[in-house]
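Notebook open. I want to get my bearings in this one before anything else.

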Amino acid sequence: MDYAIEAENLIKIYSKSKKALDGVNLKIPKGRIFCLIGRNGAGKTTFLRIVGTQLEPTSGRAVVLGHDVVREPDEIRPRISVVPQEAKVWNFLTPWDYVYYYARLRGMSAREARETCIEALKKLDLYADRNRLCLQLSGGMKQRVLVSMAIVSGAELLLLDEPSIGLDPVSRRQLWSYIRRIAKAGHTIVLTTHYMDEAEALADDIAIIHEGRILVNGDIDQILGENNSSMILEVNGDDVSWTSEYGCEEVIGGKAKIRLGEDERIILEIMAKAREKRCRVTFRRPTLEDVFIRLVGGVDLEPS
Ligand SMILES: Nc1ncnc2c1ncn2[C@@H]1O[C@H](COP(=O)(O)OP(=O)(O)O)[C@@H](O)[C@H]1O
Ligand SMILES: [Mg+2]
């Protein structure tokens, strides 16, 4: 397989602090959408900044599009585009200004910039609004301005750091569909998120990062399959403390979550107990969030 990014034992220590990256090994395939998932402070931005050649690792190696990030950053930069975390557009410019001048800065002639700019703005449904001030645009549109800047460069690899943060549910979904559209056009997309639904909706491949270490990495369907061969039982009621006997993983708001193991006969036992304790039981398929919580650690939010 051809890889856009290969990281080997990547370590990053900011001055006098703990390891932000603690031996990251990752291979990110070309031509697919890759989601790096983790809690706040897990190391997502640090990883993205290193592969984006904005930050040098303390040790280890990262190869992006066949070039070493430390030795050959100039080979990498023209071929990638980055939308940093919490990037904002300036209110008194228009989408056209942003995308056109960015294309010019990337070295295009005026004519080429004009043509690619029209194409990029159309791809992200911004063409009709190209001459409005960003001040007048919605959050979702502003985010799309940033993404259209990233694609106008024609970069093979796009690095998007939490691109949907702060967007409403509809705008997020729109952004996902644009991201999918861009990926179909042949760009490799690496994005970070802590939203599991985002990763499920978008990713071909994922990695879960926690305290600077990769806990799991691979094709999302395979990961869901391997980690969740079985069903999840949710038990609702006034007293769900008895579920701890059955390997309850998490209790939130009177709802206990049990992941069924190999032996599914235990369902009958749980159902009988639930009836006795006047609890309601529902079944569902496991999600990426279940995998994440299990690997990263769940919470018990019940008052004791
Ligand atoms: N410039 C910096 N100086 C010192 N520590 C930093 C710096 N940037 C990030 N960190 C620390 O590194 C860890 C990983 O941060 P980051 O990569 O931003 O995580 P994420 O993007 O997953 O939220 C955190 O503990 C954070 O506090
Ligand atoms: Mg971050």
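Below is what I looked up, entry by entry.

**Ground rules.** I'm working with a predicted model, where local features need pLDDT of at least 70, side-chain atom pairs count only at pLDDT 80 or more, and totals for chains, interfaces and linings use all residues. Residues are numbered from 1 along each chain as its sequence is written, chains are lettered from A and ligands numbered from 1 in the order in which they are written, and side-chain values use heavy atoms, with hydrogens and water left out.

**Domains.** I found the protein chain split into domain 1 (3-225) and domain 2 (229-285); such bounds come from an automatic or database domain assignment. Their C-alpha centres are 40 Å apart.

**Metal.** Which residues coordinate the magnesium ion (ligand 2)? I got Thr45 (OG1) and Gln85 (OE1), at 2.0 to 2.2 Å. Donors here are N, O and S atoms within 2.8 Å of the metal (3.2 Å for Na, K and Ca), and water is not among the atoms, so sites may look incomplete. Thr45 sits in helix α1 (residues 44-51) and Gln85 in the loop between β6 (80-83) and α3 (95-105), 40 residues apart. Helices (H or I, at least four residues) and strands (E, at least two) are DSSP runs, numbered from the N terminus.

**Core.** The largest nonpolar core has 53 residues, with Ile37, Ile189 and Ile206 having the most contacts inside it. Such a core joins buried Ala, Val, Leu, Ile, Met, Phe, Trp, Tyr and Cys residues through side-chain atoms within 4.5 Å. Helix α5 (residues 139-152) gives the most, eight residues.

Conventions
Buried < 20%, exposed > 50% of the residue type's maximum accessible area, 1.4 Å probe, protein only.
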